[in-house]
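Colleague: I've got this one open on my screen and I'd like to learn how to read it. Could you walk me through a few features?

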Amino acid sequence: TASAEDARDSAANGEATETALLANTRQLTFEGRRAGEGYFNADGTRMVFQSERDAGNPFYQIFVMDLETGDVERVSPGIGKTTCAWLHPTEERVLYASTHDDPAAREKMQAELDFRASGQSRRYSWDYDEQYDIFTQDLTTGERINLTNTLGYDAEGAYSPDGKQIVFASNRRAFTADVTAVEKKLFEHDKSYLMDLY
């Protein structure tokens, strides 16, 4: 049929474009439902990424992979949702967003597990959970520090090249009094509407 031919042509064109832009690609993760948001350290020997691979938690957690040995270590707490990790330039710390401090984190995990077990499905879309905060974590001691501690989606952070500052995205303004009625209505429809960089 014409639609099948179109799909084959589109796939072939996509492959041709990818091979023109990327060479020597190889898959690095094989475990879990999905993985993504992988970022390399400066010398390319380690990668931090998010993955849904823990049976008791249906949401992303943060992992660090040693690219020479293939060893993978979960660095996030295993509770709630996480996203958007970045290795500090000294590689002594990792930065990521997490909802593990949310009092309802375990209830949200169970609700998602129950939904998936029911056989229902929904289209994938990103969740701008207002309980996300940005944490920095010592990779040796495991000590975590909440850097944002503000209601609103605080995530998508990265260290500056010298590691002294971070940049991140947040819709925290949506939870303050200075939001107009029009902005509030738009935000109710689209949680990414009031995103700003900090």
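Colleague: How far apart are the mean positions of the positive and negative charges?

Modeller: For a count like this, Lys and Arg are positive and Asp and Glu negative, with His and the chain ends not counted. Each charge is placed at NZ of Lys, CZ of Arg, CG of Asp or CD of Glu. Here the chain has 21 positive and 35 negative charges, and their mean positions are 4 Å apart. Keep in mind that this is a predicted model, where local features need pLDDT of at least 70 and side-chain atom pairs pLDDT 80 or more, while totals for chains, interfaces and linings use all residues. Residues are numbered from 1 along each chain as its sequence is written, and side-chain values use heavy atoms, leaving out hydrogens and water.

Colleague: How many helices and strands does the chain have?

Modeller: Both are DSSP runs numbered from the N terminus: helices are H or I with at least four residues, strands E with at least two. This chain has 3 helices and 11 strands. From the N terminus the order is α-β-β-β-β-β-β-α-β-β-β-β-α-β.

Colleague: Which strands make up the open sheet, and in what order?

Modeller: Two strands pair if DSSP finds at least two bridges between them. In this case 3 strands line up as β9-β10-β11, with antiparallel pairing. β9 (154–159) and β11 (196–197) are at the edges with a single partner strand each, so one side of each has no neighbour in the sheet. Strand β10 (residues 166–170) meets β11 over 2 bridges, in the antiparallel sense; S170 has D196 of β11 as its bridge partner.

Colleague: Let's zoom in on T82. Is it buried or exposed?

Modeller: Buried means under 20% relative accessible area, exposed over 50%, and partly exposed in between, using a 1.4 Å probe and protein chains only. T82 has a relative accessible area of 0%, so it counts as buried. It lies in strand β5 (residues 82–87). Across the chain, 36% of the 198 residues are buried.

Colleague: What does T82 touch?

Modeller: Contact means heavy atoms within 4.5 Å. Leaving aside residues up to four places away in sequence, T82 touches several residues, among them Q50, S76, Y96 and Y132. Y60 and Q61 are on that list too, and they bring backbone atoms to the T82 side chain: a polar atom there lies 2.8 Å from the backbone oxygen of Y60, and one lies 3.4 Å from the backbone nitrogen of Q61.

Note on methods:
Polar contact = N/O pair within 3.5 Å; in protein donor to acceptor, adjacent residues only side chain to side chain.
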